[in-house]
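Visitor: I have a chain open on my screen and would like to talk it through. Could you take me around it?

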Amino acid sequence: MKALLIAPLLVPLLLSEAIAAGSLANKIQEIQTHLTETADGQAAPATDAGDTGGTPAETADDAPPQDDASPAQDNAPPQDDASPAQDDAAADDDATPAADPVPAMSVEDLIREGDEIRADAWYEEDYQEAASLYQQAADMGSAEAMWRLGLMHESGEGFESSDAEAVNWYQRAADGGSTTGMTYLADMLRNGYGVAEDDVAAVGWYQKAADLGNAEAARKLGLMYDAGEGVALDDFKAALLFRQASDGGDMLATRFLAEMYHDGEGLAQDYVQAASLYLKASEMGDEIATRWLGDMYYLGQGVAQDYRRAAQYFETAADAGDAVSMRWLGEMYDAGEGVDEDDVRAVSYFRSAVEAGDTIAARDLGIMLEFGLGAEQDYAEALKNYQIAVDDGDAVALRRLGLMYDLAKGVDEDNPRAIELYKQAREGGDIIATSILGQMYEDGEGVTADLLQAAVYYREAAQAEDTDGMRRLGILQFEGRGLAKDPEEAVQWFLKAADKGDLESHWWLAVAYLYGDGVSEDAVLAADYAYYAIVGGHQYALDSLINIGEYNTSRGFRARLQENMQADGFYEGKIDASFGPKTREALNAAFASAQ
């Protein structure tokens, strides 16, 4: 986003629209743009686009219910019988003739000058002159001046902050036909600021302002329909209102509409349309839309997958202050996706994201520091960053912190503390922590060994598609430890884990096929599974094969093993089903090729 001229005065627009659609920050952002234009020498419009001379109650049958006297009537400034201009004209006949009087300022001039003065007022925190000019314009009936006075009362600019007084001025502006006044009054009603909370009345005022062309009101009304606040929940109606607001130039509504197309919420899912709208919002300066556009390029949704372009969009959003984009860039530099792999830059982006408030980045930074990737290994800093993420409920960080206590990294070994952290991570949905708990109970680390409880944790992890849980449950069943021996089911778990790339499960399948345990004996399949694990770099498979060697394997198994190694250039000897030095040397070479 462009830096705004009066940013030190106002709070950013990026406060969550969904949490507080009527927040002061959103109002101030809109007026901020107006003030910036005025400071550049453009005249402020006298009325909103779509404002009319009649009050909502006079122009529509569905106006929000009003008391007998509206706040505008109760608080209308007193008027003299004669206007100031008439008073000036009634000069004493005997007075010495004076120079021609200075023409009275128009409403437009009063508001424009008030805006200019207010734009600079934050330097000296002196808003009185701006307030005086707005008051003069309000006394002349300007609804535009009235909502500005309301904003100053709400924000405490030149007045003691008062939501009730702000509501009074917003009501008067709304009754005077200002769509901005209607929108701000609806904000106050929606949030219960200075007035009893009333979503139904808020919907009424948003609707009137939207009908008169106010894009912000259309967007906020869309959010009411999206959340079912003050109206029946209606995602399709919300989408229509976001479309109306987007067509009126509202940046946030453009992103919201893109999100509905992306998620298929209220509309048929359409990634192409979503990408187009994210691009539109991005070009309007929405860094979150820029981030989501990058995500669509990363995933290839609605556009051709392109990691390089994804990284470019993430960088643009990160430069605009988006913390999530900083983290995603760090992950791309860590993995070398769309950019050259660079752990130092990854760490830099993770640090920036943490400083910008992204707690997931704190976890990622902790991992880099724990293993000395892109920065000097620093267990103390890793622990500190894990704790930042843990304090925000990050389950992966809980598991990583548990491992620090389990393995005595930067802290004294404390298995009971590690188990406590693993259990918290499991409750937070971390399946790897569930599998680790199974290992702790199987090995009796920090708890009394309990194979049955270990099996319970392994099964839970396995059913959640964790390959470690699948393999470990399979081993208990294959060997009949803690559970009844069931090699048939064990093989099924090994097959599922192997299909997901688990190398050790390939070895266990080799054992099953080699000895016909749970499956029909098949020397060729056994050798293929064993070789796959070894050439994949699995130490346990290599050590186990060398241990069983010639005396516990069949000739067909050994011959097939030699054929596989010969095909890959690791074995140059005769296919003689031997398990001598040349075969062992070839096995070691195949294993080393994966390192």
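This is a predicted model: local features need pLDDT of at least 70, side-chain atom pairs count only at pLDDT 80 or more; totals for chains, interfaces and linings use all residues.

Visitor: Okay, and where does Ala577 lie?

Guide: Ala577 lies in the loop between helix H30, residues 555-567, and helix H31, residues 581-592.

Visitor: Let me zoom out for a second. How many helices and strands are in the chain?

Guide: The chain has 31 helices and zero strands. Of its 595 residues, 48% are buried, and among the contacts with a separation of 6 or more, 52% are between residues 24 or more positions apart.

Visitor: Back to H25, then. Which helix does H25 cross, and at what angle?

Guide: The axes of H25 (residues 467-479) and helix H27 (residues 503-515) come within 10 Å and cross at roughly 20°. With that angle, H25 is roughly parallel to H27, and the crossing of the two is left-handed.

Visitor: Which residues make the contact?

Guide: On the H25 side the contact is made by Arg471, Ile475, Phe478 and Glu479, and on the H27 side by Glu504, Ser505, Trp508, Val511 and Ala512.

Visitor: I also clicked on Asp468. What does the side chain of Asp468 make a polar contact with?

Guide: The side chain of Asp468, a residue of H25, makes a polar contact with the side chain of Gln439 at 3.1 Å. Not counting residues up to four places away in sequence, Asp468 touches Ser435 and Gln439.

Visitor: Is Asp468 buried or exposed?

Guide: Asp468 is buried, with a relative accessible area of 18%, and the cut-off for that word is under 20%.

Visitor: And what about His538, which loop is that in?

Guide: His538 sits in the loop between helix H28 (523-535) and helix H29 (539-548), and at 17% relative accessibility it counts as buried. If its neighbours within four places in sequence are left aside, His538 is in contact with Leu503, Glu504, Ala533 and Phe591, and Glu504 also belongs to the H27 side of the contact with H25.

Visitor: New topic: H15. What covers the buried residues of H15?

Guide: The cover includes helix H13 (251-263), helix H14 (271-283), helix H16 (307-319) and helix H17 (323-335). Ten of the 13 residues of H15 are buried, so this helix is largely enclosed by the rest of the structure; among the buried ones are Glu287, Arg291, Asp295 and Tyr297.

Visitor: How far does H15 reach from its first C-alpha to its last?

Guide: H15, residues 287-299, reaches 18 Å, which is close to the 18 Å expected at 1.5 Å a residue.

Visitor: What caps its N-terminal end, and what follows H15?

Guide: Asp286 caps the N-terminal end of H15, with a side-chain oxygen 2.9 Å from the backbone nitrogen of Ile288. After H15 comes Gly300, whose phi is positive, near 70°.

Visitor: One more helix pair, please: at what angle do H22 and H23 cross?

Guide: The axes of H22 (residues 415-427) and H23 (residues 431-443) cross at roughly 145° and come within 8 Å, and this crossing is left-handed. The residues making the contact include Ile419 and Tyr422 of H22, together with Leu437 and Met440 of H23.

Visitor: Last one: what is Leu110 in contact with?

Guide: Leaving aside its neighbours within four places in sequence, Leu110 is in contact with Met105, Leu133, Gln136, Ala137 and Met140. Leu110 lies in helix H5, residues 107-121, and at 1% relative accessibility it counts as buried.

Key: Residues are numbered from 1 along each chain as its sequence is written. Side-chain values use heavy atoms; hydrogens and water are left out. Helices (H or I, at least four residues) and strands (E, at least two) are DSSP runs, numbered from the N terminus. The expected span of a helix is 1.5 Å times one less than its number of residues. Buried means under 20% relative accessible area, exposed over 50%, partly exposed in between (1.4 Å probe, protein chains only). Contact means heavy atoms within 4.5 Å. A polar contact is a pair of N or O atoms within 3.5 Å; within protein, one must be able to donate a hydrogen and the other to accept it, and residues adjacent in sequence count only if both atoms are side-chain atoms. Axes are lines fitted to C-alpha atoms, for helices over the stretch in contact, and angles run from 0 to 180 degrees between N-to-C directions. Angles under 35 degrees count as roughly parallel, over 145 as roughly antiparallel, 65 to 115 as roughly perpendicular and the rest as oblique. A crossing is left-handed if the near helix is turned anticlockwise from the far one by less than a right angle, and right-handed if clockwise.
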